[in-house]
Amino acid sequence: MRNFKMIFKMYGEIHRLEKHTIPAKLINALIQAARPFVNIYFTAKLVTLLSNGADFKDVLIYICLALIINFIFHFLNNFLSDYESGLQHILLDKESEKMAKKLYKTEYEKLEDSEFREIIHKHEEAGASRWARFPYFIWTTSVFISGVLTLTIAIIMIMPLLKIGFTATGAGFFEKPVFLITLICVIVSMAVIMLLIAIKMNKSYLAANEAYAELDRLFYSFIDIFRDYKTGKEIRLYKEQELINHIATDKILNDGEKTLKKISMKTAKTSSFVAIMGAAVSFGVYLFIGVKGLYGLFDIGNLVLYCGAFMQIINGVMQLANTLGKLVEILPLANVYFTIIESTDDKRYGEKELNQDKIEIEFRNVSFRYPGSKNYALKNVNLHIKDGKHLAVVGRNGSGKTTFIKLMCRLYDVTEGEILINGINIKDYTKDSIIKLYSVVFQDFQMFSLELYKNVCTSEKYSKDKLYSCLEQANIKARVLNMPQKENTYLYKNIDKAGIEISGGEAQKLALARALYKDSPVVILDEPTAALDPVAENEIYNRFNSFVQNKTAIYISHRLSSCAFCDDIAVFEKAELVEFGTHRELIDSGGKYFELWNAQAKYYTE
């Protein structure tokens, strides 16, 4: 019942994505099933006419009818095949679009969940194979329907023969009804055996294909590295070609070849077995029809008709067995698709709108563990950030600084304690209120291969004056003005071959400009100047400090020299807030901040 529900669920989804796909496939399946019988019928009719000495004019009429019907079917088949091909591409695009929109809207916390990422990975791996997508399911459906129609038409055509077979009273075994019953039982048994074989073969094929997909992913990930001009320098300077070739090419040739041989051998064995079964049944069919014809129970034309119809029965049985067997490949991957599409986020938002005129943020006894982790990423943090204050957050790698920012932006919810904004729990505010509250530059920010203004303004509509004001604040206005198309210049060459390559430092400045353009009351910079030299870093901080002087600002930095202009400094160590105070207070205390300060200061004083 689960499988039937999933099948109808897939049909429903396909209809929602592209409603013309299923009708087009059904019509083409009908044509595909009917085409062989047209030739079988007309061939039998012509043989009967010729054997009875019919007039040439009568023969010519049937020949012309056969040609006309074949031409119509051929035209319709070609037209529908091209039409279906276009529909399948549209279906695939709409499926991908729906998946992308779902992932865009999924909460960040869920996207970082390892189990959910594994499901997404399975869907992506499946996307590289034909059996993953709805178009392949529709093709399988078309073949199945064609098989059902083929069987139906063939059985209707041989009904007179079956009547003869069941009513004959000859003396020999081949003349009695028991022979026909035996033949039918053999055909049914063959269909069941073929179905079981197809299911087993497709299960093993799926397992082998998944193993090969892992190798394929490894190989093409290296291909992507090779063809990416941004990584070309390191590959050539460090002579990494041989290493990559050994890891990717050798592995795909050795392990991949073994996997493919395994698939080929299994396919060859099962196909040979099915072919032998088909040949045996065909022999029985010809023997049955031959015996009945030998006793003059039907003419030579019907002999041709019955032989052709019986062969189509075998063909229909093989179509049904093969397509039903493929469900063991299709259904699990369809389940992966629906698991992602129907996934829900556990995070709930309140209905309060945030008054942004005055912002105060408080961490009250906050502890946090990432899902599945036993260790705390933050532990018992108490911190109050007053409106308009500038806070520096420092500490060694892994001390909890970035996690502190993720919780503040509510990308994650706290495990224990609470975060208050203006004295109200962050969970009571609307999602839009939280998004509008922060302008953030994370250390793993992303610039897209789009026009520069879209990277900064994140919209088609923008204020040019505001854009250039933010570019100036980020100290990159002059560089933009020197670009060929100024703010309309594409970044990188992925989409536009005339795109401009920008340095890491320039990309960081554009990310800073993006944060400024959003103009939120709280600005958060997570290692915003890591790619800048000390002089450029100092200039950026001075500009930023003046620009956000009336805003609440939080800076995360490894360079403690940037902390001196902040009102307060929070020092994290091993997931805990160990110190809090001004630069002078923490230096005078001789604690962890003093230790970190001296560790860096000696490189500038020696």
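1. Leu 391 touches Leu 383, Ile 385, Ala 553, Ile 554, Tyr 555, Cys 566, Asp 568, Ile 569, Ala 570 and Phe 580, leaving out residues up to four places away in sequence; contact means heavy atoms within 4.5 Å. Leu 391 sits in strand 3 (residues 390-395). Between Leu 391 and Ile 569 there are 5.6 Å in space, C-alpha to C-alpha, and 178 residues in sequence. Leu 391 counts as buried because its relative accessibility is 2% (buried is under 20% relative accessible area, exposed over 50%, partly exposed in between, with a 1.4 Å probe and protein chains only).

2. This is a predicted model, in which local features need pLDDT of at least 70 and side-chain atom pairs count only at pLDDT 80 or more, while totals for chains, interfaces and linings use all residues. Residues are numbered from 1 along each chain as its sequence is written, and side-chain values use heavy atoms, with hydrogens and water left out.

3. The protein chain has 21 helices and 10 strands (DSSP runs numbered from the N terminus: helices are H or I of at least four residues, strands are E of at least two). Of its 606 residues, 43% count as buried. Among contacts in the protein chain with a separation of 6 or more, 75% are between residues 24 or more positions apart.

4. The largest nonpolar core has 42 residues, and Val 456, Leu 471, Leu 510 and Tyr 593 have the most contacts inside it. Helix 18 (residues 504-518) gives the most to this core, eight residues. A nonpolar core is a set of buried Ala, Val, Leu, Ile, Met, Phe, Trp, Tyr and Cys residues joined through side-chain atoms within 4.5 Å. Val 456 is in contact with Leu 467, Leu 471, Leu 510, Ala 513, Arg 514 and Tyr 517, neighbours within four places in sequence aside. A second, separate core of 33 residues includes Ile 361, Val 381, Ala 570 and Phe 572.

5. The largest pocket is lined by 36 residues, with Tyr 108, Leu 411, Val 440, Phe 442 and Lys 518 nearest its centre. On a 1 Å grid over the protein atoms alone, a pocket is an open set of points where a 1.4 Å probe fits, with protein on both sides within 12 Å along at least five of seven lines; lining residues have an atom within 4 Å of a point. Helix 18 supplies the largest share of this lining, five residues.
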